[in-house]
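Okay, everyone, thanks for coming. Let me put the structure up, and then I'll walk you through a couple of spots in it.

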Amino acid sequence: MDDSTKRLLQQLVRRIPTQMLKTTLEKWGRLTTEQQKSLDFTQPKWVLTENLLAFCEENGWTTKHITELEMIYVTDSPNQGMWYAFQLLDPEDDAPSVELTQFKEQFKIHLTELIRHVSIKIKKHTDEAVWIRIAWGDSFSRPNHLKPTYVVHHLQTPYVFMSSVTRKQKPLLSQALVLATRYTAIKDAHLSGRKLTAIRDVVMKQYQQVFPTKYPSPLLEQNQTASNPLIKREQAESSENRHQMACEAFGYGMVPQLQTAVYKLETKFRGITNKTMTERGEPIRCVVKFTSTNLLESFRNCASSGIASTPVTPLLSSITQKGRNFFVITDNGRGPS
Amino acid sequence: MEGEATKGVLSVLSRLEMQARSRKAKPPQQQNSVKELKSTIDALITQRDQLKAQIETQMCVQKLRAAMDKQGAHEADEEMDDGSENSKLLRLMARHAQLKDLLHAHHLIGGYDIVKTCQGKGVCVSLATGYEGVYLDTYNLEIDLKETLRIGRHNIPPFIPVNSLAEQSNMQTDIRAFLGALSQHLNAFAGRKQQVKLVKELHKSVEVLETNALCSILVLLLTVPREKIAVLCTLDYADHTRCLPTRVCIECEDKELPGSPHWKNNITLLKETPVHKALITMKKMGYIV
Amino acid sequence: MSLLKPFSKLPGLNAANILLVENEEQLQQRLADALVEETAVTVNVRLAKTLPLPLKNEKSRPRIDLVVFIINLTSELSLQSAEASLKYLDPGYFLGKVCLLVTNARNASVPPARLDTVRKLAASLHCPLLCAEDQTPDGVTNAAERLLTILKVAAGLVPMTTALYLSNLTRCTVPSDIDQQGFD
Amino acid sequence: MERRNSMARTPLSSVVAPRRSRSKSYRRSYHSCLGAASYLSLTSGLTARRLTTSRRAPKSHSITEKVSPEQLALLVKKEWQLSYVTPLHQFRHKQLKSYSRQLQAFIVAERQQGLAVGMEGADSSFRVSFSVLQGMVETDDDAESVFVQIHSKPVFAGQEKPMRSVWSGWLACISGSPDYLRSLPEDFVCLPLFCSSGAEWLTSLVKSWFQRMFDCCFGPLEINTTNLEWLVALWTNCHSEFNIQHLKLMWTLPVVPPLEVTYTLHPQDAWELWRSIREDVQDEEKTEGGRDTMAKDGGSICIEEVMRFMQALKCHFYRHFRVDLSTGRLDQVSTALGSAKHNGKIKISNSSYMITTLMLLTECALLKMPI
C-alpha cells in the first residue's frame, strides 16, 4: 500500500462531505461489518481519515480499490467542478448498434495506443450512462490519480460530457471517443456548467417545454394566489401572454439549473442620438456574462415580468433551443459556432 | 281643501300645457323616429343579404365536398364548368374544409396534429405516440414557413435524428412523408421504451442487464428452471422504425442449449412478438423461470 | 385606449374603488390583499402595470376614486413609466384623487436626484407623496392603512372633508434649498 | 421644474389664506407624519443635497512628487471599506505619537476583557502607528490625511518573528467644500472620508476609540448609482493617457433568483464611444450658444456627457438582448485604474489618477454626514 494510495485516500476522504461518507462506504462494501460499525461519523474529518488509513493497511486496498470508491462518490454527486459538453458529428452506419462491451474495448485500445501510461476505469451507472475515469500519466511517469478526468456518455446519443481536461489531453481523448463510438468527428458544444444533470437535461431536452396548442390551457402563473373577487388585474391578459412566451422560450416548471451564459459581441454601435459613433467602421467589442443560481428561471422571470421584452430575442432563447451557453455574435449573424 | 282644489286646477293646467307642448314637438319627433325606422330597415336588409350569401356558399361547398369525397380531389376540379372567380374561391374553400376534417380525423387516430403559430409565419406539429392502446408522450416540433421550411424549436430527444430524417424524406417538398417517418420513429421508440418498462414490471425474475437511451439494444438474463443455468439473451432493434428486434442471439455456458429446437423457436418467438408477451409464453411453456 | 375619468360613472353603495399602478407588479398585490381586508367599506382594488387601461373591461370597471402610482426608487424605469402613465389621467383626478407611493427611499443605491425629481413631480401635481417600506409585512399594512384613509376621503365616505381639501393639506411641497445649485 | 407651488393656488386654498400662518405650521407637522419629510430636509442649508453638474477631468498630474511612493504603495492595490466621519474635536496632527500609544493600550485592554472573543488566532501583542500622509491634499483648506496601521504577532511566536500588519486605515479630506470647512469652529478638524481594511473587530475597536477620543461618529458610506456612473466616465476619460485595459460594469436585475449582468467593454471602443459623445455634447452646446460652462478644453466633464455615455451603453445592450438595464441596480465598476462597489468598497489600482476619485468620495462623505 504505497503512499500514492494513501495520499489518494486522504484527498478523497477530505473531499467527500461527512454525511455522504457513510452511504458511499456502504455502497463500496469493502469494509468489514465491524470496521464499518467502529467508524463514528460524528468525529472530525481527520480522525476518520486516520481510521480509514488504518483499515486500508489492514485490508490491503490498492489504488484500484480507492479509485472505485471515488467513482461511486462522483457518480452519486455529479454536480462538482465544471462539466463541458461535446457533440459527436456524422455517425458511421454501424454507430447505432455499438454495444457497451464493444465500446469499452474499443475505447481502451484506442486510448492506450495514443498514450501508454494511462489508467482507465469504465462503469455503467444506473442512469444508463457510461462513466469513464481516466488518470493521465505522460510518456515516462505513472498515471496521476490525484487529478483524474471523468467522461460521461449515453450510448447512441451524439453527446459526451467531460470534466476538466488539459489542452494536451483533449485531442487524445476526443480521438479515442470518436473511434469508440463509431462517429467521424467531435466538436465543442459550447455548453458548460457546474451541474452535469443540468447540461445533460438541456441537451437531451429532458425538461418541460410549452408549445402552442389548439386547446390552450391557461398556464399556471407561479404566484397564482387564490384571487380575491375584489381584486382585479386590468392587464391580466397581457401578463399571461408574456408568461406564455417566457415559458416557450425558457421551459415550464422545473428547468435545468444552468449558472452562466457568455456572449462575445463584435457588432456595430447603432445609436439614434450620436451619428459619429454609428458611422464608425469597426464594431464594438464587448463580452456580456449573465450569472445566476438558476439562469433559465431568472431569464423566465425577466420575460414574464416585462424586464425583458417579449417575444424573447433569439439570442436568449437559443440557449435552450441550441443547447449552448457560449456565443460569438458578429454583425453577419452567428459567429463561428 | 283649498290646497287640493288649487292643486287640482294647477295640475290640470300643467297637464294641458304639457300636451300642447308635446303636440307641437311631435312632428319633428315623428320625422326622426321615421328616419330611425328606415335606417334599421336598411340594416336588416343588408344583414339578410349577407346571411343569404353565406348560406349559398355553404351549400356549394357542401356540394363540392360531396363530389370531391366521391371521386377524390383531382377529377372534381375539371368537372366544375364555369371557371368564374367565385367558383374557384368556392372550390378552394371546399378543399380547405376537406383538409381540415382530414387532419382532425388523422389526429383522432393518433397521428400528428398541426396548428398555426406566430401569425401564420410558423406551424407547430404535435406528434402523439402510443403503444397497445396506451397514449404515451406527445412530442412537438415547430417549423418556420419562411421561403424554405426550417425546423425551429422542438422537444424531440437527440438520438432521434430529426435533421437527417428531414433530408432523407426531403421535407421541403413532401412534408407529409417527413412527418410520417418522424411519427413512425417516435412511435417505435415509445413502443420499445414501453416494452422495456413492462418487462421490468411484469418479469421480476428476468434481469435487464443493459439497454440504451434509444432502447435499440436489450440484454436480458434468463434462468432455465430445472438446471438453473443462466442464459444471456440479446435483442438488437437495428430497424428504428419498428418495435420488434431484427436480431436475437442467445448465449449460454452449455453450448448446445442455443442450438436446441425449443430455443430456436423461442428466438423466432422473440423476433415476432413483443418481448414482454414472448417472455410470458416462454414462462408458461416452462423454458424460463 | 380609455382615458380614466373620475366622475364618468355612478358610485357604488358604501364602496370605495382604488387603482394601483406599478410597473414592477410586485408590491401592488400585497397592498391589494391588505386593502381588501377592510370591512367597514367594500374596497375594490384594480391592479395595472401601466396606463392607459385596456378598453375591454371598461364596462365592468367601477368608478375609480383614487389612483395610486407606486414608484420603486431603485429602478430608473419605474419613475419613467409612472411619468408616462400620468398623461393618461383625466385632469379631474388631480384634485385630490391621485397619490404617489414611493418605496426604497432610504436604499443607499438611490441617487438623491431621483427622489428630488419625484418630490418636484408630486408638488407640481398637488398630490401627496407617501414613502412606504415594502420589505416587511407590517410596512405593507402600514402603507395600506394610510392609503385607506385617503381613499375613504376621496370616495366621499368621510363627512365634512372633501378629497380636494385633504389634498390641499397633504400635498407634497418642495423645500426651498433643494433647488439651490451646486457649491461652485 | 421651476418653482410653482406658490403660484398655482387652487381657489379653495386661497380662501384658507388668511389663516395661512397657523395652517402652514399645521400642514408642515401633518405633512411630515405623512412621510414626505425624508432625511433630506433635515440637513441644514449648507450641506443640502446638491447635484454636481461637472467635475475636473482627472489628469495624471504628478501625485508622486507630493506624496512619498512608499506611503502611496500603502494605499494602492488594496480594497478599502468606506465610512463617513463627522468632524473630529480637538484632533492635533502633532500628537500622533500619543494617539498611537492610547489606541494600542485601548486595544490591548479590550482584548483582555475578552470583548473580541470570536477572533481566530491568539494575537495579543499589538503595535499601533499613526502617521501623516504628507501632501495627500488638494486645497489648502483640506486637513492632512492620517494613516493608521496596526501590527500584531501571535503570543507564543519567538522574538525573531516579525510583526505582520493585520489592519490599516486612513482618514482624508480631498478638496472638501471650502465654505463648509471654513464654517467649522476652530478646534474641529474635518476628515470626512474613512477607509479601513483588515479584521472587522479591529475596525469597530478603532472606530469606538475615535468616537470616544474626538467626540465624532462613523457611518457606512455607500456609492450610489450616479457616483458609480461618474467613476465610469472619469476612468474611461483617462484611457487616452493610461490604458485602462477593460471597462467592466456589473448590474443586478431584480428577478427571482437575482440575475447578475457583467458587461465588459474593450477599452479602445469604450473610449471612442466616450469621445464621440463628448464631441456631440460640445457641438450641441456650440449650436445653441451654450450655457457659460467652464472652459471646454476637455478639462471638465459634465453630468450630461456621463448620462449620455451610460445611455449609449445601455442602448447597445438593449439592441442585442432587449433587456433594459435601467430596471436593475448598478453594483460594481472596474477598470485597470481601480474598482468601486455600490456597497462602499473601493480599490485604487493605480495612483496616478486617484486624486479625482478621492475628491468624488470626499464629496459623497460630506453629503452623507448627518450634520
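So, look at helix H6 of chain A, residues 100-114, and at the face turned away from its buried side: there you'll find the exposed residues A:Thr101, A:Ile109 and A:Glu113. Keep in mind that this is a predicted model.

Which residues of H6(A) are buried? They're A:Phe103, A:Phe107 and A:Leu111. If you look down the axis of H6(A), those buried residues fall within an arc of 45°, so they line one face of the helix. Here's the background to that: an α-helix has 3.6 residues a turn, so residues three or four places apart point the same way.

And what sits over that buried face? The cover for the buried residues of H6(A) includes strand E2 (118-124), strand E3 (130-136) and helix H7 (169-180), which belong to chain A.

Okay, let's move over to where chain A meets chain D. Here 32 residues of chain A are in contact with 31 residues of chain D. On the chain A side, helix H10 (275-279), strand E9 (284-291), helix H11 (295-305) and helix H12 (314-322) each supply at least two of the touching residues. Which of them gives the largest share? That's E9(A), with eight residues.

E9(A) is joined by six bridges to strand E11 of chain D, residues 259-265, and the two run antiparallel. You can pick out facing residues here: A:Phe290 stands opposite D:Val261, and A:Val288 stands opposite D:Tyr263.

Then, inside chain D, E11(D) has another partner. Seven bridges join E11(D) to strand E10, residues 247-253, again antiparallel. One of the pairs there is D:Leu253 with D:Leu259. How many residues lie between E10(D) and E11(D) in their hairpin? Five.

So, to recap: E11(D) is bridged to E9(A) from chain A, and to E10(D) within chain D. That's my tour, thanks!

Conventions:
Residues are numbered from 1 along each chain as its sequence is written. Chains are lettered from A and ligands numbered from 1 in the order in which they are written. This is a predicted model: local features need pLDDT of at least 70, side-chain atom pairs count only at pLDDT 80 or more; totals for chains, interfaces and linings use all residues. Two residues are in contact if their C-beta atoms, placed from the backbone, lie within 7 Å. Helices (H or I, at least four residues) and strands (E, at least two) are DSSP runs, numbered from the N terminus. Two strands pair if DSSP finds at least two bridges between them. The expected span of a helix is 1.5 Å times one less than its number of residues. A residue is buried if 20 or more other C-beta atoms lie within 10 Å of its own, exposed if 12 or fewer, and partly exposed in between; C-beta atoms are placed from the backbone. The arc is that of the directions from the helix axis to the C-beta atoms.
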